[in-house]
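User: Please pick one part of this structure and look at it closely. Then go on from there to the rest, for someone who has not seen it before.

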Amino acid sequence: MSTRILIVEDEEALTLLLRYNLEAEGFEVDSAVRGDEAEIRLQEQVPDLVLLDWMLPGLSGIELCRRIRARRETERLPVIMLTARGEEGDRIRGLGTGADDYIVKPFSVPELLARVRSLLRRAKPAHVASLLVAGDIELDRLSHRIRRSGRELHLGPTEFKLLEFLMQSPGRVFSREQLLDGVWGHDVYIDERTVDVHVGRLRKALNRPRQADPIRTVRGSGYAFDEMFEAVD
């Protein structure tokens with residue numbers, strides 16, 4: 001069963017950005033633009049996590065969070081509050097109403113996704129796979145180990161994150177810029193060709209002679225983890 005995330009946000013552009021990235025991670029996404037609308041959705045079906053804006057029409061995010069915690073069916077529902085309010089007092093107030101985490105706009109999408117996965121791992125460990133498997137490649141997120149055909153591979157931390165990022169979305173083509181944002185983060189300023197260097201290192205570590213290459217180069221676009229990849233010796 002897919003992990004369901006409810007986005008409660010009245011900024012359409014931000015909702016679209018979050019939906020795109022969450023669905024690319026394999027999550028099922030629903031959204032509401034008003035707090036009172038979200039309350040009705042929560043009564044109809046409880047998601048696995050809520051991304052909740054502070055300032056909402058109809059019912060504020062703060063009040064909705066209070067009601068979520070007051071209701072038996074949702075008292076343990078993971079909630080991440082999104083807000084432009086970055087002062088310490090505001091963060092304390094947001095967490096004090098029952099939010100599990102608090103992230104200030106503008107924020108890094110990779111950081112938000114990492115927080116979503118971390119919170120789900122704590123609250124609903126069965127919903128976040130610790131092991132990614134494709135063909136004869138196994139990537140263990142918990143132990144940070146990678147095996148191919150039972151042989152343990154030794155990857156640097158950047159190559160590990162690069163492989164993990166690609167394996168999470170088989171078949172999706174990522175540009176160099178998207179890979180830089182997803183693996184290195186928005187605040188790191190390095191040349192896009194650095195991606196090529198690390199992809200080369202990753203391929204060298206993954207592939208022995210006559211083994212299929214799981215990393216697909218899409219000329220003029222970027223790289224993808226081949227969704228048709230199977231173990232071939």
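Analyst: Histidine 144 is exposed, with a relative accessible area of 53%. Exposed stands for over 50% relative accessible area, buried for under 20%, and partly exposed for what lies in between, using a 1.4 Å probe and protein chains only. This is a predicted model, in which local features need pLDDT of at least 70 and side-chain atom pairs count only at pLDDT 80 or more, while totals for chains, interfaces and linings use all residues. Residues are numbered from 1 along each chain as its sequence is written, and side-chain values use heavy atoms, with hydrogens and water left out.

Histidine 144 sits in the loop between S7 and S8. Its phi is near 55°, a positive value in a residue other than glycine. Most residues other than glycine have a negative phi, and most peptide bonds are trans. Helices (H or I, at least four residues) and strands (E, at least two) are DSSP runs numbered from the N terminus.

Two strands are said to pair if DSSP finds at least two bridges between them. Within this pair, isoleucine 137 stands opposite arginine 148 of S8. Strands of a sheet pair through backbone hydrogen bonds, either parallel or antiparallel.

S7 and S8 belong to an open sheet of four strands, in the order S6-S7-S8-S9 and with antiparallel pairing. At its edges are S6 (131–134) and S9 (151–153), each of which pairs on one side only. From one strand to the next, the twist averages 20°. Helix H6 (residues 157–167) lies across S6, S7 and S8 and runs at about 110° to S7. Angles run from 0 to 180 degrees between N-to-C directions, and axes are lines fitted to C-alpha atoms, for helices over the stretch in contact. Contact means heavy atoms within 4.5 Å.

Two other helices can be described as a pair. The axes of H7 (residues 176–184) and H8 (residues 193–206) come within 9 Å and cross at roughly 70°. That makes H7 roughly perpendicular to H8, a label for angles of 65 to 115 degrees; those under 35 count as roughly parallel, those over 145 as roughly antiparallel, and the rest as oblique. From H7, Arg176, Leu179, Leu180 and Trp184 meet Arg193, Thr194, Val195, Asp196 and His198 of H8. The residues of this contact divide into four nonpolar, two polar and three charged. Here Ala, Val, Leu, Ile, Met, Phe, Trp, Tyr, Cys and Pro count as nonpolar, Asp, Glu, Lys and Arg as charged, and the others, Gly among them, as polar.

Arginine 210 is found in the loop between H8 and strand S10 (215–218). Its phi is near 75°, positive in a residue other than glycine, and arginine 210 is exposed, with a relative accessible area of 72%. S10 is joined to S11 (residues 222–225) by four bridges, and the two strands run antiparallel.

Elsewhere in the chain, S1 (residues 4–8) is mostly covered, with five of its five residues buried. Arg4, Leu6 and Val8 are on one side of S1 and Ile5 and Ile7 on the other, and all are buried. In a regular strand the side chains alternate between the two faces of the sheet. S1 runs parallel to S2 (residues 28–32), with five bridges joining them; arginine 4 has glutamate 28 as its bridge partner in S2.

Val8 is also one of the contacts of aspartate 53, along with Glu9, Asp10, Gly61, Leu82, Thr83 and Lys105, leaving aside neighbours within four places in sequence. Aspartate 53 lies in strand S3 (residues 49–53) and is buried, with a relative accessible area of 4%. An unreviewed UniProt entry lists Asp53 for "modified residue: 4-aspartylphosphate". UniProt positions are given in the numbering used here, feature names are shortened, and annotations may be inferred rather than shown by experiment.

The peptide bond from lysine 105 to proline 106 is cis, with omega near -10°. Proline 106 lies in the loop between S5 (101–104) and H5 (109–123). Aspartate 101, found in S5, counts as partly exposed at 21% relative accessibility. Aspartate 101 and valine 79 are 22 residues apart in sequence and 6.7 Å apart in space, C-alpha to C-alpha.
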